[in-house]
Amino acid sequence: MHPYIRCLALVITSSLTAILLLSLFGDVMDAESDANEQEMNSFTEEELNSSSFEHGDDIGNTGFHFTESGEFRDKNGLAFQFAISEDHSINQSRYEEIGEAVTEYIYSIMEKKFGLNRVAIPMGMEESEYLSFIFVSDGFMTSNKRKLVLINGSGAVKAGQWARSIIINDNLYPGSMLPYIEWAQKNEFDVLVMNTNESGPRMKKSESPFEHAETVWDEFLGALQSRNVYIVAHSFGGVVVQKLSKKKDNFKDIVQKIAFTDSVHMGKISSSSCINWVSSSKVANTHMAHRLGCEIRSAGSTKHPWTSHFAMNHIFDWFLENENGTIENSENVLNESKKTDDESVSDSVPDQ
């Protein structure tokens with residue numbers, strides 16, 4: 001083969017591989033996106049204030065804070081800018097430091113505002129820096145309430161986040177799980193937030209996202225006596241759920257409904273009731289197909305990271321829908337008629 005042709009083939013193969021990895025795992029950490037040039041002006045203050053998030057305090061000494069309406073601003077009221085240096089590595093390092101501070105801030109909201117407990121897993125181990133952890137409601141194992149389980153995608157996002165880039169570049173509200181937790185508590189659900197990316201080779205029983213989920217199942221979900229678990233899983237979180245459904249024989253006996261948001265799972269789900277709200281230009285909640293045992297509906301957004309937000313109230317209504325199709329009274333946290341137009345949101349990097 002001519003050297004030029006061989007070189008061209010190698011470039012094409014490498015490019016296709018990179019594209020596939022990005023679409024599946026969202027591990028590329030480049031926050032220098034269109035999000036830095038756009039603001040979410042179409043969220044009304046009433047909508048964003050409905051969750052009463054803490055605001056005003058400096059986040060981890062970064063010089064930034066969240067405003068009352070959920071925007072990430074510096075002391076002069078200016079939005080976050082990724083490129084403050086000609087050296088990309090400096091910009092990226094600063095972004096990671098801010099991202100870590102935001103992660104701890106969201107952890108604190110889940111603990112202080114919503115009363116969730118940070119629980120190390122596996123339980124009963126001596127304190128170790130190599131234990132993963134989750135967030136869970138008081139009395140999760142003993143109450144008769146329905147259970148909401150939240151699972152994020154891959155990449156840098158940790159418990160409580162759908163997309164870190166949205167939180168930093170756009171708004172805390174649509175990029176985090178906080179509205180889901182608030183809705184769950186208003187509607188008498190217990191909550192468990194997995195932390196599948198808080199995993200690694202030295203983590204006891206959390207060496208991978210899959211093992212993390214198995215440990216959570218074995219210690220919390222698998223012992224429940226009734227079929228009252230409702231799961232929301234975004235992106236790669238769908239792969240975690242799909243593998244869990246195959247490995248656990250009692251999965252169908254415990255899980256009532258699964259709501260996926262633009263899940264990338266490729267296998268059939270061992271569950272009798274699941275819907276995947278996918279990125280689409282169709283009107284939100286439009287039925288599109290049945291695939292791999294799940295109904296496919298439009299999330300109402302063409303942008304992958306935003307699907308959990310745009311599908312949110314449709315997921316809530318479905319969770320409360322009775323067998324006859326009647327929806328129980330739902331304390332939704334965002335008025336459907338005022339939801340943000342898809343054209344106004346930024347095209348953020350998935351799951352960052």
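In which sense, parallel or antiparallel, do strand β4 and strand β6 pair? Strand β4 (residues 132–136) and strand β6 (residues 189–193) pair in the antiparallel sense over two bridges, where strands are DSSP runs of E with at least two residues, helices are runs of H or I with at least four residues, and both are numbered from the N terminus; two strands pair if DSSP finds at least two bridges between them. V136 has L192 of β6 as its bridge partner.

This is a predicted model, in which local features need pLDDT of at least 70 and side-chain atom pairs count only at pLDDT 80 or more, while totals for chains, interfaces and linings use all residues. Residues are numbered from 1 along each chain as its sequence is written, and side-chain values use heavy atoms, with hydrogens and water left out.

The protein chain has eleven helices and eleven strands. Of its 352 residues, 53% count as buried, a term that means under 20% relative accessible area, with exposed over 50% and partly exposed in between (1.4 Å probe, protein chains only).

The strands β4 and β6 belong to an open sheet of nine strands with mixed pairing, in the order β3-β4-β6-β5-β7-β8-β9-β11-β10. Its edge strands, β3 (117–121) and β10 (287–291), each pair on one side only. Neighbouring strands of this sheet are turned by 20° against each other on average, direction ignored. Helix α3 (residues 88–112) lies across β3, β4 and β6 and runs at about 40° to β4, the axes being lines fitted to C-alpha atoms, for helices over the stretch in contact, with angles from 0 to 180 degrees between N-to-C directions. Helix α6 (residues 178–186) also packs on the sheet, where it touches β5, β6 and β7, and its direction makes about 155° with that of β6.

Helix α8 (residues 237–247) is mostly covered, with eight of its eleven residues buried; these are G237, G238, V239, V240, V241, Q242, L244 and S245. What covers them includes the strands β5 (146–151), β7 (229–234) and β8 (255–261), together with the helices α7 (209–221) and α9 (251–254).

Another buried position is F319, in helix α11 (residues 312–319), which counts as buried because its relative accessibility is 2%. Leaving aside residues up to four places away in sequence, F319 touches R146, L148, W183, Y230, I231, V232, K257 and A259, a contact being heavy atoms within 4.5 Å. The C-alpha atoms of F319 and Q256 are separated by 8.9 Å, although these residues are 63 residues apart along the chain.

A search of the whole structure finds one disulfide, defined as a pair of cysteine sulfur atoms within 2.5 Å. C274 and C294 form this bond, with their sulfur atoms 1.9 Å apart. The torsion about the S-S bond is about -105°, so the disulfide is left-handed. Because C274 lies in strand β9 (residues 274–278) and C294 in strand β11, the pair ties together parts that are 20 residues apart in sequence. Both cysteines are buried, C274 at 5% relative accessibility and C294 with a relative accessible area of 1%.

A polar atom of the S301 side chain lies 3.1 Å from the backbone nitrogen of K303.

Conventions:
A polar contact is a pair of N or O atoms within 3.5 Å; within protein, one must be able to donate a hydrogen and the other to accept it, and residues adjacent in sequence count only if both atoms are side-chain atoms.
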